[in-house]
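Hello,

Here is the structure for your set. My notes on its salt bridges and surface follow below.

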Amino acid sequence: MSVKPLNFLQRPRRLRRTAKLRQMVRETTLSVDDLIYPIFVMEGEGQKVEIASMPGCYRYSLDLLLKEIAEVSSLGINAIALFPVIPEHKKDDTGTESYNPEGLVQQTVKAIKQVVPDIVIITDVALDPFTTHGHDGLVDEQGTILNDPTVEVLVKMALSQAAAGADFVAPSDMMDGRIGAIRQALDAEGYINVGILAYSAKYASAYYGPFRDALESAPKFGDKKTYQMDAANAREAIKEVELDIAEGADIVMVKPALAYLDIIQQIRIATQLPVAAYNVSGEYAMIKAASQMGWIDEKKVILETLTSMKRAGADLILTYFAKDVALIKKYEV
Ligand code: PBG
């Protein structure tokens, strides 16, 4: 061990020496302000049913959902993304229940507005929870997912959600042209202040498995590769984002997040709009499973993972960990 220091001009470790120094030079912060909490609503009363592949996430009946949302709001979370669990007998081939003005989503939005009026409500626009076949669109006899007829149904769905009081509609279906069609219809009906959070670069991903368990919405035949994007493509993500912006999107999204950090980064550079990332169900399940096995430190891995999405360029993160983050920040920082 030499006692005399070597003559290095740069010593990056100087900036890492103490916690205060590290805080001063920290480039990225994860804030509860950035988080959107996805939440599942089901029919009935007094129901809170845990989702087997998403421990810590539940399907709530409306009465208990309202209590949960009050708590979510009191933790400082600004926004929720609502997903319905539709009973089998209300599903059909064309997803008509999706635009029922008294449907589960529409009723839930109205009720939330009564109880927690200022929380930002984002509703999902896609047919898969409502169709018997589990696809996001209408299907012909050959099993082809039809684009334009689907867009017509999506427009009705978005309008019914806006009428119920949704702040943002979020098309997650990946049909061509749907952002423009929905924007025009919203404006024509006077909903000029209802925003569109576009799932612009949504990949055909195996990471959605637990979510499809939660909604019992897995496709009954085939896969979603003719409408959701190929995991190998990056330039195409920029094209999708450019189209959605031209059609009127207010916020663009990349989904999933963790395996697509490069896409988040490229889109951050390509647009001035807010960029959202969806930390999806499979990403949640992997962390939960490893931590239940005692193999990782759950809280640290949650913070590190979500920080990586911010560092990549996401302004907003949809995450089932939103409450965990709020609690960690409240009690441990
Ligand atoms: C359906 C939809 C999916 C998710 C959000 N909306 C699943 C799918 O496209 O099959 C996935 C969310 C998650 O995995 O957390 N349009």
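K323 is buried at 15% relative accessibility, where buried means under 20% relative accessible area, exposed over 50% and partly exposed in between (1.4 Å probe, protein chains only). This is a predicted model: local features need pLDDT of at least 70, side-chain atom pairs count only at pLDDT 80 or more, and totals for chains, interfaces and linings use all residues. Residues are numbered from 1 along each chain as its sequence is written, and side-chain values use heavy atoms, without hydrogens and water.

Salt bridges next. The whole structure has 17 of them, each a side-chain nitrogen of Lys or Arg within 4 Å of a carboxyl oxygen of Asp or Glu.

K323 pairs with E71, with the closest N and O atoms 3.7 Å apart. K323 is in helix α11 (residues 322-332) and E71 in helix α2 (residues 62-74), so the bridge ties together parts 252 residues apart in sequence. Helices here are DSSP runs (H or I, at least four residues) and strands likewise (E, at least two), numbered from the N terminus. E71 is partly exposed at 38%.

D136 and K224 also form a salt bridge, at 2.6 Å from N to O. Their loops lie between β5 (120-125) and β6 (138-139) for D136, and between α6 (209-215) and α7 (235-247) for K224; the two residues are 88 apart. D136 is buried, with a relative accessible area of 0%. K224 is buried too, at 5%. Shared partners join E68, E71 and K323 into one salt-bridge network.

Best wishes
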